[in-house]
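Work through the exercises below with the sequence and the model open. Try each task before reading its solution.

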Amino acid sequence: MRPTDRNTLAGMVSVVLAAFTLTPLTVDRSYLVLSVLLIALAGAATVGLRRAGLSSPVVLATQLALVAGFSVLDSLTMTGVGEPVGQH
């Protein structure tokens, strides 16, 4: 395992643990599953792209695209999206 792989893994673990600190703020903890999935996807892409020898700006752009795409897809699957305020 390369040092960059270990750094990526350590960053992934720290972000997952930080996500657990938000649990007292909400009753719906379903965000944890999606958060872990996104973190694992971004981490795997990071390790793969670094091992492929791509430059840091390319890796960063890919990470940003993954997070943005995942966020858009997640927001589109939320219930109540597109409903007028006050109608449930």
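This is a predicted model: local features need pLDDT of at least 70, side-chain atom pairs count only at pLDDT 80 or more; totals for chains, interfaces and linings use all residues.

Residues are numbered from 1 along each chain as its sequence is written, and side-chain values use heavy atoms, with hydrogens and water left out.

**Exercise 1. Overall fold**

State how many helices and strands the protein has, and what share of its residues is buried.

Solution. Step 1: the protein has three helices and zero strands; these are DSSP runs numbered from the N terminus (helices H or I, at least four residues; strands E, at least two). Step 2: along the sequence the pattern reads α-α-α. Step 3: of the 88 residues, 17% are buried (under 20% relative accessible area; exposed is over 50%, partly exposed in between; 1.4 Å probe, protein chains only). Step 4: among contacts (heavy atoms within 4.5 Å) with a separation of 6 or more, 56% join residues 24 or more positions apart.

**Exercise 2. Packing of α2 and α3**

Describe how helix α2 packs with helix α3.

Solution. Step 1: two packed helices are described by the angle between their axes and the distance between the axes. Step 2: α2 (residues 31-51) and α3 (residues 56-76) pack at about 155°, with axes 10 Å apart; axes are lines fitted to C-alpha atoms over the stretch in contact, and angles run from 0 to 180 degrees between N-to-C directions. Step 3: α2 and α3 are therefore roughly antiparallel (angles over 145 degrees). Step 4: residues making the contact include Leu38, Leu41 and Ala45 of α2 and Leu66, Val67 and Phe70 of α3.

**Exercise 3. Thr46**

Is Thr46 buried or exposed, and which residues does Thr46 touch?

Solution. Step 1: Thr46 lies in helix α2. Step 2: its relative accessibility is 4%, so Thr46 counts as buried. Step 3: a polar atom of the Thr46 side chain lies 2.7 Å from the backbone oxygen of Ala42. Step 4: leaving aside residues up to four places away in sequence, Thr46 touches Thr8, Val59 and Gln63.

**Exercise 4. Val16**

How far apart in space are Val16 and Ser35, C-alpha to C-alpha?

Solution. Step 1: Val16 lies in helix α1 (residues 3-20). Step 2: Val16 and Ser35 are 19 residues apart in sequence, and their C-alpha atoms are 7.4 Å apart. Step 3: not counting residues up to four places away in sequence, Val16 touches Val36 and Ile39.

Methods. Angles under 35 degrees count as roughly parallel, over 145 as roughly antiparallel, 65 to 115 as roughly perpendicular and the rest as oblique. A polar contact is a pair of N or O atoms within 3.5 Å; within protein, one must be able to donate a hydrogen and the other to accept it, and residues adjacent in sequence count only if both atoms are side-chain atoms.
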